Amino acid sequence: MVWQSLGSVIPESVLWLPFPGNAGDGTVFRLQFISGGNIENVFSSLWFRRIWQAGTSTSFREKEVEPVQKLYPQPHSLILWLPIPPALSVAGISPVGYEVRKNLWSRKGNYSEPNWYVNLDVFV
């Protein structure tokens with residue numbers, strides 16, 4: 001068993017950005033915050049969500065999403081356990097992707113934070 005990379009993403013505050021890799025039916029993930037500066041000086045947070053395919057239609061609702069998780073940048077890796085619900089597993093439905101978006105923290109005055117990105121791995 002090893003960690004398999006699903007890629008890295010530089011989160012933006014206006015767009016949900018997907019990780020390029022496919023986790024299949026993985027349930028244990030590692031999320032790492034990486035920065036050229038001190039990650040403890042990052043004031044923004046991260047929204048993280050799992051994406052499911054709604055079907056083969058090309059209607060307005062092409063995908064279904066789970067409720068987001070709010071995560072805070074930190075120097076340590078985060079281990080996430082995201083089990084696939086039994087009813088979906090029996091039906092052969094698995095997630096099709098994972099997305100992130102930066103959540104800017106509102107604060108008076110000017111401040112800057114180091115540039116950062118996130119890396120997602122699945123345990124296989």
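A residue counts as exposed when its relative accessible area is over 50%, as buried when that area is under 20%, and as partly exposed in between. In this predicted model, Ser 112 has a relative accessibility of 62% and therefore counts as exposed.

**Overall architecture**

- From the N terminus, the order of elements is β-β-β-β-β-β-β-α-β-β.
- Among contacts in the chain with a separation of 6 or more, 77% join residues 24 or more positions apart.
- Of the 124 residues in the chain, 33% count as buried.

- Although Val 42 and Ser 112 are 70 residues apart in sequence, their C-alpha atoms are 8.3 Å apart in space.

- Strand β1, which spans residues 3-9, contains Trp 3.
- Trp 3 has a relative accessibility of 30%, so this residue counts as partly exposed.
- Together with Met 1, Ile 79 and Phe 123, Trp 3 makes a nonpolar surface patch.
- The area of this patch is about 440 Å².

Conventions. Residues are numbered from 1 along each chain as its sequence is written. This is a predicted model: local features need pLDDT of at least 70, side-chain atom pairs count only at pLDDT 80 or more; totals for chains, interfaces and linings use all residues. Side-chain values use heavy atoms; hydrogens and water are left out. Buried means under 20% relative accessible area, exposed over 50%, partly exposed in between (1.4 Å probe, protein chains only). Patches are made of residues with over 30% relative accessible area and no salt bridge: like charges are joined within 9 Å, nonpolar side chains (Val, Leu, Ile, Met, Phe, Trp, Tyr) within 5 Å. Accessible areas come from the Shrake-Rupley method with a 1.4 Å probe; for residues, only the protein chains shown count as cover. A salt bridge is a side-chain nitrogen of Lys or Arg within 4 Å of a carboxyl oxygen of Asp or Glu. Helices (H or I, at least four residues) and strands (E, at least two) are DSSP runs, numbered from the N terminus. Contact means heavy atoms within 4.5 Å.
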